[in-house]
Amino acid sequence: MLLAPGDAPARPVTLRSAPLRSAEIKATVVYPATEKHLRKYLRQPVHLVRESADDYERITLPFVRAQALSLQWVYNILEKKAEAERIVYENPDPQDGFVLLPDLKWNQSQLDDLYLIALVRRRDLMSLRDVTAEHLPLLRNILREGQAAIAGRFGVAASQLRVYLHYPPSYYHLHVHFTALGHEAPGCAVERAHLLADVLDNVARDGRHYQRRALACALRDDEPLLRLFREAGRL
Ligand code: M7G
């Protein structure tokens, strides 16, 4: 459920549904909802754009620098000002460390829709486009230590996890999604999800793989970034 910004309380709060019993409905309330949140959740036709390395530099990067959603929630988690009690695992290294915690979309009542997120500690990596050979130790830590932590805490084996990055992400602070393999999580389709194991292989082979290649961007009809691609004659 999304509530209009005009209904905003003094400070933003996100409410989650009560624990599920059978035949109940799970709902996430985003309150207050900004225009960007409203756009993100409304049903829309989606278009696939093939973003070249040049498109990224000329179109996407300037747009992202100007428009990205606030990252304050990420910094609050990294600084233990929010959700500190929910942290499942952390590696404290400032360069190669990360924090692993349940994603907002998972209420932890059941393992079927298990969903955790790893947030990197360093703040200079926006997305997959920034990942180079220098970041292999960080990404390997996330994969191995994240899988081990989830097996230890929730009893879900590495072979039952889908570990991936979104491109493009909604939030431009590098993070990795861990979802139950049996759960068709939003954003796990081929046009948006990049398996972390494949990312590691690609970057190990070519340290600048994600700076060189074209990447698919699934963009909703009313997204400003899609308009920019249209105006540039790329759609
Ligand atoms: P994304 O790939 O940037 O975009 O993922 P998406 O939302 O389109 O998937 C960001 C992830 O962070 C999503 O899975 C969100 O559910 C999750 N997330 C967003 N917020 C604001 C929070 C939060 O405050 N706490 C937690 N734990 N997860 C969040």
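Rings of Phe, Tyr and Trp (its six-membered ring) are taken as a pair if their centres lie within 6.5 Å, and the pair is called stacked with planes under 30 degrees apart, edge-to-face with planes over 60 degrees apart, and tilted for the rest.

| Pair | Geometry | Centre to centre | Between the planes |
|---|---|---|---|
| Trp73 and Tyr171 | edge-to-face | 5.1 Å | 80° |
| Tyr89 and Phe98 | tilted | 5.7 Å | 40° |

Trp73 belongs to helix H3 (residues 72-78), whereas Tyr171 sits in the loop between strand E7 (161-166) and strand E8 (175-180), so their pair ties together parts that are 98 residues apart in sequence. With buried meaning under 20% relative accessible area, exposed over 50% and partly exposed in between (1.4 Å probe, protein chains only), Trp73 is partly exposed at 32%.

The model is predicted, with local features requiring pLDDT of at least 70 and side-chain atom pairs counting only at pLDDT 80 or more, whereas totals for chains, interfaces and linings use all residues. Residues are numbered from 1 along each chain as its sequence is written, and side-chain values use heavy atoms, with hydrogens and water left out.

For the protein as a whole, there are seven helices and ten strands, assigned as DSSP runs (H or I, at least four residues, for helices; E, at least two, for strands) and numbered from the N terminus. Of its 235 residues, 43% count as buried.
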